[in-house]
Structure formats: structure tokens, C-alpha cells
Amino acid sequence: MHALVLIAHPCDDSFTHAAARAAVAGLEAGGHTVDVIDLYADGFRAHMSYEERVAYETDDPIKDPQVADHAARLKRAQALVFVYPTWWSGQPAILKGWLERVMVPGVGFVLNEQNKVVPGLRHVKRIVGISTYGSPRRYIWLINDNGRRVLARALRMSCGVFARTRWLALYSMDSRTDAERREFLARVTDRMARL
């Protein structure tokens, strides 16, 4: 399987990047091919421009060469792996912006003859979220885990009903011991190897 791994954290020495490295190692150990997009390192612009918004409803919605490259890489992926910290009960702005700018008509979805939305990513068979949370699991459950809902529900609808999701979360990140963090990274590697 070909996996596209998206990383959304500005610091390359962060635990998020360690989790991304663990995911890539596991995917490769499992015999999968891997393509990595580090949104901050690539200087991805999170906000949609005026020109992009106007073009959104046309037959040519992508106006940025970087977005076109990411869309092409997305179209080759059979698995999508998102690695990010949960901030303010959701995804970092750069990841949310990636979804808004790349998941445009013709990529994330298409309109059929009746002008109804149908999935555009039917080739994607797996969606994996790997995230850290400052809060405990119970609190995240109470506030509905917005980042997870976007990927496991909304994005999944772009992939079709047969796409499977997996969520790997480290809750209460700030109070975890080094041993617990290492254990989480080992779990990420193991789960990705068995994807």
C-alpha cells in the first residue's frame, strides 16, 4: 500500500515529529511505500486566497503549484496518515488549511450529473490519525474531539464507506513519563507495520 504521511508541527524536535518517524518506520517495516509531507518545513500557506476561493466553484480550482503537487500526491495514496498535536480542541491551522485548499472539487469530491457530491478519494482505503492531547481522554470525549471527527467522519466521506479509520492518541501528554511516551511511539510503529 502507498501511504501519504502529513506532519503538522512547526518544531522538528517535537514529539509529533518523533511520532511521525515512528509511523514511517512502521509503514516501511510493513512493506508499504511512504511519501511524507511536512507542512511547516514545506512552508505550506494555510489560508485560502481570494483567487482560490473564486476558482473553487470552477473546473480549475487549484491555483497554487504547491497545492497541485500535494493534490497529485494525494491521488496516488491508498492510506492517509495525519500526525499532529491537538491544539484548541482541533487540528493546527496549517492542517485545517491543507484540507480546505487541497480537498477541492475534483480532488476530495466530485459532482455527478445530478450535481450531487460523490467521493473523490475512493482509492484511499485507510485513514490514520496520530495525535497528542494536553487534556485527559474523558475531557476530550466530552468536547467531541473535533480534529478526530474531521478526519474520521468528514474526510472518510470523501473516501467512501469502505475506508477504514484508525486513531492513535496520547492523552494527558504533558504529564506522561518518558517511558509512557516511548511506549506510545512503539505502539505507533507496531500499528503502522500492521496497517
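On a 1 Å grid over the protein atoms alone, a cavity is a set of points where a 1.4 Å probe fits but cannot get out, and a lining residue has an atom within 4 Å of a point. Grid points are joined across faces, edges and corners, and a volume is the space filled by probe spheres set on the points. Searching the whole structure this way turns up two cavities of 30 Å³ or more. The largest cavity holds about 50 Å³ of space, and its lining is made of M48, E52, Y56, P61, I62, K63, V67, R101 and V104.

Before going on, a word on the model. It is predicted, with local features needing pLDDT of at least 70 and side-chain atom pairs counting only at pLDDT 80 or more, while totals for chains, interfaces and linings use all residues. Residues are numbered from 1 along each chain as its sequence is written, and side-chain values use heavy atoms, with hydrogens and water left out.

Now to the strands. Helices (H or I, at least four residues) and strands (E, at least two) are DSSP runs, numbered from the N terminus, and two strands pair if DSSP finds at least two bridges between them. Take β3 (79-85) as the way in. β3 pairs with β1 in the parallel sense over five bridges, with A3 and A79 as bridge partners. β3 is also joined to β6 by seven bridges, again parallel. Along that pairing, V81 sits opposite V128 and V83 opposite I130. From β6, the next parallel pairing goes to β7, over seven bridges, where I127 has T165 as its bridge partner.

Just after α1, G31 takes a positive phi of about 85°.

Finally, step off the end of β3. T86 is in the loop between β3 and α4 (93-102). Is T86 buried or exposed? It counts as buried because its relative accessibility is 13%. Contact means heavy atoms within 4.5 Å, and, leaving aside neighbours within four places in sequence, T86 is in contact with S131, T132 and Y133. With S131 there is also a side-chain to side-chain polar contact at 2.7 Å (a pair of N or O atoms within 3.5 Å; within protein, one must be able to donate a hydrogen and the other to accept it, and residues adjacent in sequence count only if both atoms are side-chain atoms).

Terms used. Buried < 20%, exposed > 50% of the residue type's maximum accessible area, 1.4 Å probe, protein only. 1 Å grid on protein atoms, 1.4 Å probe; cavity = no way out; pocket = protein on both sides within 12 Å on 5 of 7 lines; lining within 4 Å.
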